[in-house]
Amino acid sequence: MENIKNAPNPTATAATPPNSYEKTKAYKDFINVLSQIIEKHGAEVLEEINHDV
């Protein structure tokens, strides 16, 4: 248990993608598809989440 206190937090630096990645066509295409899915199904998903709580 002592080692847990000294363990580094890997998510602090791993959460942000490199700036060069944001400029690729594949990244932009992925974000566009993801936003279309959220626009189409977002309300339905939120309704499901609200019913479970």
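Is Lys25 buried or exposed? Lys25 comes out as exposed, with a relative accessibility of 61%; buried means under 20% relative accessible area, exposed over 50%, and partly exposed in between (1.4 Å probe, protein chains only). Before the close-ups, a word on the model: this is a predicted one, where local features need pLDDT of at least 70, side-chain atom pairs count only at pLDDT 80 or more, and totals for chains, interfaces and linings use all residues. Residues are numbered from 1 along each chain as its sequence is written, and side-chain values use heavy atoms, leaving out hydrogens and water.

**View 1. The whole chain is built from four helices and zero strands.** Reading along the sequence gives α-α-α-α. Helices (H or I, at least four residues) and strands (E, at least two) are DSSP runs, numbered from the N terminus.

**View 2. Confidence is lowest in helix α1 and highest in α4, among the chain's elements.** Helix α1 (residues 2–6) has a mean pLDDT of 56, while α4 has 88. That score is the predictor's confidence in each residue, from 0 to 100. For the chain, the mean is 76, and 55% of residues reach 70 or more.

**View 3. Lys25 and Asp29 join up in a salt bridge.** Their side chains meet at 2.9 Å, N to O. The term stands for a side-chain nitrogen of Lys or Arg within 4 Å of a carboxyl oxygen of Asp or Glu. Lys25 and Asp29 sit four residues apart in helix α4 (residues 25–52), so about one helical turn separates them. Asp29 is partly exposed, at 34% relative accessible area. A search of the whole structure finds one salt bridge.

**View 4. Phe30, Ile31, Leu34 and Ile38 make a nonpolar surface patch.** The patch covers about 360 Å². Ile31 belongs to helix α4 and is partly exposed, with a relative accessible area of 35%. Patches are made of residues with over 30% relative accessible area and no salt bridge; like charges are joined within 9 Å, and nonpolar side chains (Val, Leu, Ile, Met, Phe, Trp, Tyr) within 5 Å. Accessible areas come from the Shrake-Rupley method with a 1.4 Å probe, and for residues only the protein chains shown count as cover.
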